[in-house]
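Here are my notes on the model, written as numbered points. Have the structure open while you read.

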Amino acid sequence: MPPKENWPRRLHATGAVVYYGSTGMSRTVVLPVLISALLLTILASQSWGGTPQAGQDNPSRLTHMSLEDLGKIEVTTTSKEPVQASRTPAAIYVITQEDIRRSGATSIPEVLRLAPGVEVARIDSNTWSLGVRGFGSSLSRSVLVLIDGRTVYTPLFAGVWWNVQDTLLEDIERIEVIRGPGGTIWGANAVNAVINIITKNAKDTRGTLVSVGGGNIDQGFLNYRYGGGDGKDFNYRIYGKAFKRGPEFHRDHRQFDDWAMGQSGFRMDWDLPNKDTLTFQGDIYDGTAGERAGITTYSPPYTSIVEKNDELAGGNLLGRWKRTLSAGSDLQLETYYDRTDRRQATFGEIRDTFDIDFIHHWTLAKRNNLLWGLGARLSSGNATVVVPTTVFIPNHFTEKLYSAFAQDEISIIENRLLLTIGSKFLHNNYSGFDVEPSARLLWTPVPHHTVWAAVTRAVRTPSRVEDDLQITAFAAPKPLTFVRLVGNRKFRSEQLLGYELGYRSLIHPKFYVDIASFYNNYDRLLSAEPGLPFVERSPSPPHIVVPFLLRNGLLGNTSGFEIAPDWTPTSHWRLRGSYSYLHLGLSREAGSLDASTIRSTDGSSPHHMVTFQSSLDLPQNLEFDQTLRYVSALPALLVPAYTTADVQFSWHSTRDLDFAVVGQNLFQPHHAEFAGPGGLIGIERSGYVKMTWHTGKR
């Protein structure tokens, strides 16, 4: 951590208007809390005092699953069909529920730190930067994120609003993280990675769960869940959660980034006759997240710093039908609706998204595993003008995306050599028609040793930022001058041609290693090209505008590798680690005059990341978990390299009652991880205690 005097001066916020509410949980959290309390009262009357059913599991200890068993975990992200993780021709990492529980994490971005090669940096209390194999940013524009198959990628700014992506962490079955392009199956924007968050089937969450806790930064949280049904054909659950998180460390002591949210939801699963299954689920959320933003006006003083709470609300509904036609054939129809309602310091948006997807899979002549599908998505967004210097023209627009894909998995040598080829075909009303083909080869020369290779093309389709945004910033008072970033309706899809090579092996029953390397060739990347200055007379007073036009002016490549060993030296101790290396080499296309994007992109992703995890089971149902992280410097953001550690000490006092004490970022009082609009903020050393009471299967 550099001396305080070396921190950027832009941290000073003299004269800022403060809307920060310091009276605790805001009104946006009151409603979810009331709902939580009411439901909890009703459900407790049904479940309190119930005895555990025969056969219910004791706390799931890591020693109950061998490394070989972990490799047999079935994943679905690579092909939308279940396949063993160890036999996927892709750089996949699975974060299990046990990993989440023992991490002490309280949010989804924190959980994603467990995956090798995933760059997660906390910007302030309620925002993160996330990237995979480079291009880290607060919106993670090159990473496609899904929750139970529902994409949470916003086409407004091209990325993910991480502070509204939430669910009960105890309900997550696993998170599948695929480093590298996944566009053949998932389509647009799965350029550098696909993150698929999969929640548990309702039959696995029967019973009651209540957890409460708090600490110095995570100031208070309440989670509940109740699951019921017959335990066979029809099961359901409802859940709710609410939390209040305080601000991080600010050099100027203007604590604007507190965060309070509430969320509730449900899931129902039916197993019908004739091999049909139905799933219906939904979520609603409401909350506030403090931010600092610079506001530009066309009249004096022309610029000001505003600190206020963003108002965040939304919800979604999803339905999925599956039918098994035969032993080698099945089909699936999935549809969802998603509502987003945001109002921030500089803009507001209400967005409604409808999506429908159909998939058919069948096995042909035992050597061909065919998969094809069709999809359509309509996303209608209405941008609200909050300040006149940030506008979308037009303010309302409906994105339309149509897609089809086909993929064949060919067994060249049974259980030894597997070829997967396919392509996605998509059309959007920004850039038109795109193709995303891929070819993947999996070779298993001997049992427990796998080599794989892949060549893939992926695209990131334009968003409203590249097409319709006009954002103006104050530059100089005499002559009165502004700079303006201007979208471009001719912006084309960014494209990637990726080459990957990987090896994974269970070298010993107690030692597993996964290695993946990559070389990515990018074209048509976003650039900001200076245009000719002009005089603008309206709004008054007359002023000079220096435009910067968004174009596809950059190209380049990234290369690197990730190593992830896993070792269980004893039946009570598991050690894991990862090292990731990244090199970026971007340049301008002929004719491009972009002067800043290359340096800011290259200097915003760490070249080295190291993670070490130790999970130890102790006598008397005690557990001790430690995580050590090293991240190299981000010179473009003035963020120095840092090393820090998290620790969790847990005690399963009875079959139904757990206690945990968690310490996070323990090596220093505070450290910076990324810089956002609010400046460089110190992420504080923190801790919290948690008590969990639950019945039913864990």
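1. Where is V483 found? V483 sits in strand β28 (residues 481-486); helices (H or I, at least four residues) and strands (E, at least two) are DSSP runs, numbered from the N terminus. Before going on, note that this is a predicted model, in which local features need pLDDT of at least 70, side-chain atom pairs count only at pLDDT 80 or more, and totals for chains, interfaces and linings use all residues. Residues are numbered from 1 along each chain as its sequence is written, and side-chain values use heavy atoms, with hydrogens and water left out.

2. Staying with V483: it is partly exposed, with a relative accessible area of 28%. On this scale buried means under 20% relative accessible area, exposed means over 50%, and partly exposed is in between (1.4 Å probe, protein chains only). Leaving out residues up to four places away in sequence, V483 touches I471, T472, A473, A475, V546 and F548, where contact means heavy atoms within 4.5 Å. The C-alpha atoms of V483 and P530 are separated by 9.7 Å, and these two residues are 47 residues apart along the chain.

3. Next, the empty space. Rolling a probe the size of a water molecule over the atoms shows where such space is left. A cavity here is a set of points, on a 1 Å grid over the protein atoms alone, where a 1.4 Å probe fits but cannot get out; lining residues have an atom within 4 Å of a point. Grid points are joined across faces, edges and corners, and a volume is the space filled by probe spheres set on the points. The count comes to 14 cavities of 30 Å³ or more, and the largest cavity has a volume of about 330 Å³.

4. What lines the largest cavity? Its lining has 20 residues, and L70, Y93, V94, Y512 and D566 lie nearest its centre. At least two lining residues come from each of α2 (67-71), β4 (91-96), β30 (511-530), β32 (543-570) and β33 (573-588). β4 gives the most, with four residues. By class, the lining has ten nonpolar, four polar and six charged residues; Ala, Val, Leu, Ile, Met, Phe, Trp, Tyr, Cys and Pro count as nonpolar, Asp, Glu, Lys and Arg as charged, and the others, Gly among them, as polar.

5. β4 also turns up in an open sheet of five strands, in the order β4-β11-β12-β7-β8 with mixed pairing. β4 and β8 (150-151) stand at the edges with a single partner strand each, so one side of each is left without a neighbour in the sheet. Two strands pair if DSSP finds at least two bridges between them. β4 and β11 (residues 172-179) run antiparallel and are joined by six bridges, and the bridge partner of T96 in β11 is R174.

6. Now β14, a mostly covered strand: nine of its twelve residues are buried. β13 (residues 207-215) pairs with β14 in the antiparallel sense over seven bridges, S211 has N223 as its bridge partner in β14, and a hairpin joins β13 to β14 through two residues. On to β15: eleven bridges join it to β14, again antiparallel, with R237 in β15 as the bridge partner of G227. β14 and β15 form a hairpin with four residues between them, and G231 in the turn has a positive phi of about 75 degrees.

7. Which side chains meet R245 in a salt bridge? The side chain of D218 does (3.0 Å, N to O); a salt bridge is a side-chain nitrogen of Lys or Arg within 4 Å of a carboxyl oxygen of Asp or Glu. R245 lies in β15 (residues 234-245) and D218 in β14 (residues 218-229), so the pair ties together parts that are 27 residues apart in sequence. Both R245 and D218 are buried.

8. R460 and E494 also meet in a salt bridge (2.7 Å, N to O). R460 lies in β26 (residues 449-460) and E494 in β29 (residues 494-508), so this pair ties together parts 34 residues apart in sequence. R460 is buried at 1% relative accessible area, and E494 counts as buried at 5%. A search of the whole structure finds 43 salt bridges, and E98, R101, R102, D617, E623 and D625 are linked in a network of them.

Terms used: On a 1 Å grid over the protein atoms alone, a cavity is a set of points where a 1.4 Å probe fits but cannot get out, and a pocket is an open set with protein on both sides within 12 Å along at least five of seven lines; lining residues have an atom within 4 Å of a point.
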